[in-house]
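These are my notebook entries on a single protein chain.

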Amino acid sequence: MGTYLTISKGTEMLRVPIDRLIYIESDGNYCYVETHDGRRSLVTMQLGQLEDTLNSQLGEDITNLVRLGRGLIINTDYVHQIDIARQRLVLSDCDRYWRELTASKIALTQLKTLLETDND
């Protein structure tokens, strides 16, 4: 573990190793940050603010974190399955962690293209 996302707001601070960050999900003016152990932490920031925080703290080091539509930032290292027809995204470590999310067909198509070109 080397690189961390640190979110500090008011009297609270959340510090997450980037390689353990699975996804960030928007919920209005709040976000949930989910980590490899399945824990969800509530953060009082909008997704755009968290995206700015990621960019300012990590810059070029965040190639595996991708904004997916209006409501998600995902770690592409954990993408297990994309089902565009069912608008389903499965994030998994192929061991203990497994989470199904929904996303728009357009966002999933773009993600699929991105991951296919990364493997070329």
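Entry 1. Leaving aside its neighbours within four places in sequence, which residues is I7 in contact with? I note first that the model is predicted. Setting those sequence neighbours aside, I found I7 in contact with E12, M13, L14, V33, V43, M45 and L50.

Entry 2. I next looked up the nonpolar core. The largest one holds 18 residues, and I7, L21, I24, V33 and L54 have the most contacts inside it. I listed the elements that give two or more residues to this core: β1 (4-9), β2 (12-17), β3 (21-27), β4 (30-35) and α1 (47-58). Helix α1 supplies the largest share, four residues. I also recorded a second, separate core of 15 residues, with I22, I74, Y97 and L101 among them. As background, I noted that nonpolar side chains tend to be buried together in soluble globular proteins.

Entry 3. I then turned to T53, which has its place in helix α1. Is T53 buried or exposed? I read a relative accessible area of 14% for T53; the cut-off for buried is under 20%, so T53 counts as buried. With neighbours within four places in sequence left aside, T53 is in contact with L5, T6 and M45.

Entry 4. I checked the order of elements along the chain. There are two helices and ten strands. From the N terminus I read β-β-β-β-β-α-β-β-β-β-β-α.

Entry 5. I traced the sheet of five strands. It is open, its pairing is antiparallel, and its order is β5-β4-β3-β7-β6. Why is one side of β5 and of β6 left without a neighbour in the sheet? I found β5 (40-43) and β6 (65-68) at the edges; each has a single partner strand, so one side of each lacks a neighbour there. From one strand to the next, I noted an average twist of 20 degrees in this sheet. I followed the pairing of β4 with β5, which is antiparallel and extends over four bridges. Within it, E34 has R40 in β5 as its bridge partner.

Entry 6. I traced the sheet of three strands. This sheet is also open, with antiparallel pairing in the order β8-β9-β10. Its edge strands are β8 (79-83) and β10 (98-102), each of which pairs on one side only. The twist here averages 15 degrees from one strand to the next. How many bridges join β9 to β10? I recorded five between β9 (residues 88-92) and β10, the two strands running antiparallel. Opposite L91 I found R99 in β10. Helix α2 (residues 105-118) lies across β8 and β9, and I noted its direction at about 130 degrees to β8.

Entry 7. Does the radius of gyration agree or disagree with that of a compact globule of 120 residues? Such a globule would have a radius near 14 Å, and I read 14 Å for the chain, which agrees. Taken along the principal axes, the C-alpha atoms fill a box of roughly 45 × 30 × 30 Å. Buried residues account for 37% of the 120 residues. Of the contacts between residues at least 6 apart in sequence, 38% join residues at least 24 apart.

How values were computed: Residues are numbered from 1 along each chain as its sequence is written. This is a predicted model: local features need pLDDT of at least 70, side-chain atom pairs count only at pLDDT 80 or more; totals for chains, interfaces and linings use all residues. Side-chain values use heavy atoms; hydrogens and water are left out. Two strands pair if DSSP finds at least two bridges between them. Axes are lines fitted to C-alpha atoms, for helices over the stretch in contact, and angles run from 0 to 180 degrees between N-to-C directions. Contact means heavy atoms within 4.5 Å. A nonpolar core is a set of buried Ala, Val, Leu, Ile, Met, Phe, Trp, Tyr and Cys residues joined through side-chain atoms within 4.5 Å. Buried means under 20% relative accessible area, exposed over 50%, partly exposed in between (1.4 Å probe, protein chains only). The radius of gyration is taken over C-alpha atoms; the globule rule is 2.2 Å times the number of residues to the power 0.38.
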